[in-house]
Amino acid sequence: MATSMNDNLNFTAPKPKPTSHTRNNSHWYSPETGIYHSKHPPVNLPTDPFLDVVSHIFSKPHNGVSALIDSTSGHTIPYSHLYPLVKSMAYGLHQMGISQGDVVLILLPNSIYFPVIVFGVLYLGAVVTTMNPLSTLPEIKKQTLDSNATLAFTLPDCLGKFHQLGLRAIGVPETGGFDLKQMGMSDFDKLIGEKNPISVPRTAIRQEDTAAIMYSSGTTGACKGVVLTHRNLISMIELFVSFEASQYEYSSEGNVHLVVMPMFHIYGLSHSVLGLLSLGSTVVVMKKFDADEMVKAIGRYRVTHFTAVPPLLVALTAKAKIVEGTVWKSLKQVCCGAAPVTRKSIEDFVQTLPHVDFIQGYGMTESTAVGSRGFNTEKCRKHTSMGLMAPNMEARVVDWVTGSFLPPRRSGELWLRGPAVMKGYLNNPEATAITIDEHGWLRTGDIVYFDEEGYLHILDRLKEIIKYKGFQIAPAELEAILVTHPDILDAAVTSAKDEEAGEVPMAFVLKRQGSLLSEAAVIDYVAMQVAPYKKVRKVVFTHSIPRSAAGKILRRELRGLISRI
């Protein structure tokens, strides 16, 4: 029988270090300014203006034996080899003509090679942009043109897409390790196996230089390139990953993280690629999620930490109920993020694996995944909250009608400010000005409140994007495709609740009179033009699309219609 989240569950919280402390309650919120400060103590960030994120990461001690492990094959990159491989990659890229400011696209699933490529690009002062490997040719073309990419890394089977676009591309093997004595002569082999990386020329890289362009729907509208600097990424490492690790007694170097979250996603890139490798932790990489393989990996590698999205959390819980034994003994913490998780799913997990610390976190692409993070202690367990604000970050809760700042327990739009907030949207000053005000406040579009103890709670969101299994889908993109169908006069897309995925795209379609267009035909039409996760899952034929006087789709009315279907 399920118990309330407030019941005394059999849970042993990880012990914070004796030196950890939080602000006095009277200081973390200011009624005069409406600013919520982190309850954690401030963190001193690097002040050297000529510091790049790769140098920062490899300036830290890395005493771990294994840096990256392929979960299936067991092939490993030890820490002693990682930096030399990065320099080899940078040297090879330089020989190909890649230099500071050039944009390199990575269209790959998770791989032990993914971080090596990222670090190699950033080492030269070049810029990384990532994409889902399931992206279609039109989607790839759009991002390569928008970001002005000059080179791509992708799977061998996808090379033809880039050849059609006239863009140089390097095929990367899907799995396995490498033996420099037995490697072939493919472009990737030559890059990773260069013998003389010492001569890699290094230009001055500033913290304010662009390091990555990550695409996000933002608060509304189509995807935009989020420009993240080396300073943003360094801040993410110090405020999000390193700080959290410092709060617990167990050593970061003894932790083993199972990574299923896509490395092309902001959370996977920032946390799993940059953050964890800065700690000296071992990162076990799964190319794609498989519940049985997940269980095997946890047992085989004695995984201590697992980051999930809601569907993965449900799958983990289901497996834990039927797979007994010591396989779960090593697991210390599970963090869920990227999309809302139901209270029922949380209760089920905590009751099934009561010895595991369950937390949630909040962040967005525009904040380099930095926002808040769960923090459980023996006396305070708030599993349904997003946790406490990260150090050095500030927040406001704003009434979206009046613009007034709201105190604890009052809900409004979350605004964030701090060193992790993006530089802006690529070549889009209008969208940047709408999202970040003149004082540096990032309007998130999420409706939240803080409780009396400083924990953040997400209620809803103003923004229109749909979150399918943690992936962002812009309704405007799907609507633009729908109205190109000869039998569709008008269309609107919104989200429908789904137990497994969280949300799925649902289309309201006004078709031509006399048309025999079916729901299946509409779904197939969109599916042919977008990545699988963006597919429309449900279609409702309607006589009109609710719009405002200015022509804006009234999505709240659409959601009201869903509740009556």
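The predicted model contains an open sheet of seven strands in the order E8-E7-E5-E6-E9-E10-E20, with mixed pairing. Strands (E, at least two residues) and helices (H or I, at least four) are DSSP runs, numbered from the N terminus, and two strands count as paired if DSSP finds at least two bridges between them. At the edges of this sheet lie strand E8 (169-171) and E20, each of which pairs on one side only. Because this is a predicted model, local features need pLDDT of at least 70 and side-chain atom pairs count only at pLDDT 80 or more, while totals for chains, interfaces and linings use all residues. Residues are numbered from 1 along each chain as its sequence is written, and side-chain values use heavy atoms, with hydrogens and water left out.

Within the sheet, strand E5 (residues 103-107) runs parallel to strand E6 (residues 127-131), and five bridges join the two. Leucine 105 stands opposite threonine 129 in E6. UniProt, in an unreviewed entry, places the feature "transmembrane region" at residues 103-126; its positions are given in the numbering used here, feature names are shortened, and annotations may be inferred rather than shown by experiment. In the model, the end C-alpha atoms of residues 103-126 lie 6 Å apart, and the span is 42% helix and 21% strand.

Strand E9 (residues 210-216) runs antiparallel to E10 and is joined to it by six bridges, with serine 216 partnered by lysine 224. E10 also pairs with strand E20 (residues 424-425), again in the antiparallel sense, over two bridges; here valine 226 has tyrosine 425 as its bridge partner.

Eight of its 10 residues are buried, so E26 is largely enclosed by the rest of the structure. Strand E25 (residues 488-498) pairs with E26 in the antiparallel sense over 10 bridges, and the two form a hairpin with three residues between them. Serine 495 stands opposite proline 505 in E26. E26 pairs in the parallel sense with strand E27 (residues 538-541) over four bridges, and methionine 506 faces lysine 538 in E27. Together, E26, helix H14 (residues 519-527) and E27 make a right-handed β-α-β unit: with the strands pointing away from the viewer, the path from the first strand over the helix to the second runs clockwise.

The largest nonpolar core has 174 residues, of which Leu82, Phe153, Leu258 and Phe306 touch the most other members. Domain 1 (53-458) and domain 2 (465-563) both give residues to this core, so it lies between them; the domain bounds come from an automatic or database domain assignment. A nonpolar core is a set of buried Ala, Val, Leu, Ile, Met, Phe, Trp, Tyr and Cys residues joined through side-chain atoms within 4.5 Å. Leaving aside neighbours within four places in sequence, the residues in contact with leucine 258 include Val284, Met294, Ile298 and Phe306, where contact means heavy atoms within 4.5 Å.

Key. Buried means under 20% relative accessible area, exposed over 50%, partly exposed in between (1.4 Å probe, protein chains only).
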